[in-house]
Amino acid sequence: MNEKIYKALNEQIKHELYSSFLYLSIASYFDNVPLSGMYQWFKKQAEEEHEHAMKIYQYINDRNLQVEIPAIPKPPAKFDSIIDIFEQALAHEKKVTKLIYDIYDLAVEHKDHATHVFLQWFITEQVEEEKNAQDNVDQIKLIGDDKTGLYVLDQTFAKRTD
């Protein structure tokens, strides 16, 4: 594996783990509000992001290389508003998408066919992640300051099973 790709994949593990930590922090916020459906949704999202990190971790190991995870920054613990949280999540997902595209471009450039194929799953996943994040922002904006709407939306979030 090309050194640039190797380093980028290790960095991506860091970003996926940061995503997990960010979503755990958001889940804690919602647990304390309390909006239990949003708590559950973000906790599940954190678990999913951890799984993404582990996919990359295993891929590096499968390529007979040592994983070297860089330091993971501390996520925020305080948030201005519910819409701010969902907009941050959307912006974060867009950032992760760009990072994956950058690694994909490196794989193409260096003719690393295995990594090229491996990353296709992540590209498809990010389309789903961005759509979900955008839908969440749109729904929060749609209900505005309507507390009943927020309650109903929270109940919808609670139904997440995957």
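These notebook entries record what I looked up in a predicted model of one structure.

**Conventions**

I treated the model as predicted, so that local features need pLDDT of at least 70 and side-chain atom pairs count only at pLDDT 80 or more, while totals for chains, interfaces and linings use all residues. I numbered residues from 1 along each chain as its sequence is written, and side-chain values use heavy atoms, with hydrogens and water left out.

**Entry 1: helix α4 and its end**

I took helices as DSSP runs (H or I, at least four residues), numbered from the N terminus. The 31 residues of α4 should span 45 Å, and the end C-alpha atoms are 46 Å apart, which agrees. Just after α4, I noted a positive phi of about 55° at Gly144.

**Entry 2: backbone in the loops**

I found a cis peptide bond between Val33 and Pro34, with omega about -5°. Pro34 belongs to the loop between α1 and α2.

Asn64, in the loop between α2 and α3, is not a glycine, yet has a positive phi of about 60°. Asn64 is exposed at 71% relative accessibility. Lys111, in the loop between α3 and α4, is also a residue other than glycine and has a positive phi near 55°. Lys111 is exposed, at 63%.

**Entry 3: salt bridges**

I counted a salt bridge where a side-chain nitrogen of Lys or Arg lies within 4 Å of a carboxyl oxygen of Asp or Glu.

An α-helix has 3.6 residues a turn, so residues three or four places apart point the same way. Both ends are partly exposed, Lys43 at 33% and Glu47 at 37%.

Asp112 pairs with Arg63, the closest N and O atoms being 3.1 Å apart. Asp112 lies in the loop between α3 and α4 and Arg63 in the loop between α2 and α3, so this bridge ties together parts 49 residues apart in sequence. Asp112 is buried at 7%, whereas Arg63 is partly exposed at 26%.

Glu87 pairs with Lys141, with 3.6 Å between the closest N and O atoms. The bridge links helix α3, which holds Glu87, to helix α4, which holds Lys141, over 54 residues. Glu87 is partly exposed at 35%, and Lys141 is exposed at 51%.

**Entry 4: Lys14**

I looked up Lys14 in helix α1 (residues 3–32). Lys14 counts as buried, at 14% relative accessibility. With neighbours within four places in sequence left aside, Lys14 is in contact (heavy atoms within 4.5 Å) with Ile69, Pro70, Ala71, Ile72 and Pro73.

**Entry 5: the cavity**

I searched on a 1 Å grid over the protein atoms alone, where a cavity is a set of points that a 1.4 Å probe fits but cannot leave, a pocket is an open set with protein on both sides within 12 Å along at least five of seven lines, and lining residues have an atom within 4 Å of a point. Points are joined across faces, edges and corners, and a volume is the space filled by probe spheres set on them.

The search gave one cavity of 30 Å³ or more. The largest cavity has a volume of about 80 Å³. Its lining includes Tyr23, Trp41, Phe86 and Asn136. The elements giving two or more residues to that lining are α2 (36–62), α3 (82–109) and α4 (113–143).

**Entry 6: the pockets**

The largest pocket has a volume of about 240 Å³. Of its 13 lining residues, Trp41, Asn132, Asn136, Phe157 and Arg160 lie nearest the centre. α4 gives the most to this lining, with five residues.

The second largest pocket has a volume of about 160 Å³. Among the residues that line it are Ile82, Ile143, Gly144 and Leu150.

Note on methods:
Expected span 1.5 Å × (residues − 1). Buried < 20%, exposed > 50% of the residue type's maximum accessible area, 1.4 Å probe, protein only.
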